[in-house]
Amino acid sequence: MPSLDSVTALNASVPASAMSIISPNALLHAHLKQSPPRRPSNRNPPEPRPIQLNVGSLTHCNGSSLVKIGATTIVCGVRAEILPTSEIPSFRVTNSSGRDRTIPLRRRNEVDDHEEEGEYSPIQLHNLVVPNIELATGCSPRHPTNTAPSVEAQSISQRMLSLLHTTQLVRTSDLEIIYTPPPESQDLELGIDAGPQLKAYWTLYIDMMCISYGGSIFDAAWLALDAALRNCLLPKAWWDPDLEKVLCSDVVKEARKLRLRGMPVPSSWGVFVPEKRLLTMHNDEENQSWILMDPDAFEEESCAEVGCITVDCSDGVNAASVLRIEKSGGSVVGPEHIAEAVELAKRRWQQWKTVLDTALTV
Amino acid sequence: MSDRRRINGPAGTTSPPVFAPYSQTATATALRQRVRKPNELRKIFLQTGIVPSASGSAYLELESPPEPRLSLVPTSSTIKLSCSVHGPKPLPRTASFSPNAQLSAAVKFAPFATRVRQGYVPSQTEKDLGLHLENALKGVLLPDRWPKSAVDVAVTVLEGEDDQGEGDRFAGLGLFNLLAAAINVAMAALADAKIDCLDLLAAGVGAVVPGPDSKPLRVLDPAAVEHDDIRSSCVVGYLPSRDEIVELWSNGSVSTQNANTSIGFDEMVDAAIAAARGAQTVIKEALVESMTRNQMAGKKPSQGETNDVEMKT
């Protein structure tokens, strides 16, 4: 009897907002046990959070975006810099520079899906696309400022670089700066070839700042990267043989957008398994678990088993490509759960496409 | 050179794009002149509560009039800052005993915040700004309220205001405008964290520029791209109700000869104080609005719309 009285007194004095700190597993279990199951953020288990997107806000960037998903806020800026081929150590002419370029200006919406990257893509070989995320901005109490990148920041950056290479989102031909000598400089007798020469590459520095940490950082960071690359404008660049360097035009009409391949969208999920102590107290069934899509920071800490599925439905919802499946921790998920998560990831792809089309047309 | 904790770029050095000279000459003549009155401030957008997991947070943006973007070389620049406050929190166990709260302030530039991209290595400018910001905030906090505690203030510069011409470093007027904005956004975040302060600290920038007939003219809230020549400028952190200056930083020179016709140092400081008073009204309005929003959010659970689930034991 005294223990029951003390528990009752404890319940009366503890505010409701403190339950997420005292016993997060019990709080999440109490919400999901309802019929129908709800989350503490008042969502259904398969429901992602709404996405807000702004593009083109930063003045100094070639492309920029701000993505806000629940309490997570990511600002992404893309800066394009020029890498002359003379700066590349042991640079050898690859097949890209031998391509026929009789048309000097490409159409803006030209899509050439037959254009191959080749076995040794210059983007990977020379690190032409450089994504980095910064979490040490005071975005949460666990990420203090002015520190070296944490393991989580390094992991997210590496995952984004790997996904950029796997999906081949950026085309090498968009980053090439080609110089075609005038025909009168061709002299067959002296053996001077007047073919097009690859003089420089554009290097895209993609930097992401996490302003607020609210869970599912990789999803928000990748969506910010995707929107910033679609907002990116590269100035018209040419090689000046007299100055021996690359010059650019500052006219906006002459700038061109990147022609990205497809649109991969990652969807993070977590599997919540209640503690055995809770099951014993409530006499519930033993093997109960829930799959939560787009977990927030509170749910991420309660799920021991997390994963991420990247899909691309650019060729139609019925022709979805599963580009990547990641999972870590736990022992609950089987093939049927993965198939269920893929279906939820397709819905997330559709949600992002709607948000992106709205933001880019404004 | 190579940072093993980050994804590095190409092995060779990349350089920012160089724009063709004939186009840049035409663009340079179109530099915007100041259309505001000498005592008119730029519009400030201030919002609190952007980081829910922080004790206090704020976002500040200096709005510039939208203009059609005809050139890839930006001719106008704004300031976009985000600030978060964590604390008061216990000091680490290894720290020595302190009867006062330990305030630490840091200013961090995003790599895309400047005209020429900077890397992730902390620069001397960030340390200078951090020290000045810390100095200003220490003048407004009551440290003996929280013994053995730490307060961390982090300001992230998403977009900085460049000085015209020099795109690779922050110096002079752009630095002062950035410090004033950082002090204002940090004060809003401290108030959002409900940390007791002496007053609502506000910062402003004043400058002396050549006016008509080449006589010196005092201006409030100068922008670097709007003035070809700036004789002197200064930034103050000011407590309006106490009429107290907690931070003062100036550069350039003003003449004290012919005191009847010239503008001296005191007049320039007065101009910066007037700019700080204007900024304080913006901070006050933002805090009142956020307080009203919190009160309205607090009333909803009592109407039966609570999402709490009763814990059964």
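Trainee: Why is A:Asp174 called buried?

Mentor: In this predicted model, A:Asp174 has a relative accessibility of 1%. Buried means under 20% relative accessible area, so A:Asp174 counts as buried.

Trainee: What makes A:Arg256 partly exposed?

Mentor: The relative accessibility of A:Arg256 is 23%.

Trainee: What makes the pair A:Asp294 and A:Arg49 a salt bridge?

Mentor: The N to O distance between the side chains of A:Asp294 and A:Arg49 is 3.1 Å, and the cut-off is 4 Å. A:Asp294 is in the loop between strand E12 (290-293) and helix H9 (297-302), while A:Arg49 is in the loop between helix H3 (24-32) and strand E1 (51-55), 245 residues apart in chain A.

Trainee: Are A:Asp294 and A:Arg49 buried or exposed?

Mentor: A:Asp294 has a relative accessibility of 1% and therefore counts as buried. A:Arg49, with a relative accessible area of 7%, is buried. The limit for this class is under 20%.

Trainee: Why is the pair B:Glu159 and B:Lys80 said to tie together parts of chain B?

Mentor: B:Glu159 forms a salt bridge with B:Lys80, with 3.3 Å between the closest N and O atoms. Because B:Glu159 lies in strand E5 and B:Lys80 in strand E3 of chain B, the pair ties together parts that are 79 residues apart in sequence. B:Glu159 is buried at 1% relative accessibility, and B:Lys80 is buried at 7%.

Trainee: Which residues do salt bridges with shared partners join into one network?

Mentor: The network consists of A:Arg39, A:Arg43, A:Asp296 and A:Glu299. Over all chains, the structure holds 21 salt bridges.

Trainee: How many salt bridges are counted between chain B and chain A?

Mentor: The count is three. B:Lys108 forms a salt bridge with A:Glu134, and their closest N and O atoms are 4.0 Å apart. Polar contacts across the interface of chain B and chain A involve 18 residue pairs, both residues being at pLDDT 80 or more.

Trainee: Which elements give two or more residues to the side of chain B that touches chain A?

Mentor: They are helix H1 (21-28), strand E3 (80-90), strand E4 (102-109) and strand E5 (149-159) of chain B. The residues on this side divide into 26 nonpolar, 21 polar and eleven charged. The contact takes 58 residues from chain B and 73 residues from chain A. About 5400 Å² is buried between the two chains, with 59% given by carbon and sulfur atoms.

Trainee: What is the secondary structure of chain B?

Mentor: Chain B has four helices and nine strands. From the N terminus, the order is α-β-β-β-β-α-β-α-β-β-β-β-α. Of the 313 residues in chain B, 49% are buried.

Conventions. Residues numbered from 1 in each chain as written. Chains lettered and ligands numbered in written order. Predicted model: local features only at pLDDT ≥ 70, side-chain atom pairs only at ≥ 80, totals over all residues. Heavy atoms only, no water. Contact = heavy atoms within 4.5 Å. Buried area = accessible area lost by both parts, 1.4 Å probe. Polar contact = N/O pair within 3.5 Å; in protein donor to acceptor, adjacent residues only side chain to side chain. Nonpolar A, V, L, I, M, F, W, Y, C, P; charged D, E, K, R; others polar. Buried < 20%, exposed > 50% of the residue type's maximum accessible area, 1.4 Å probe, protein only.
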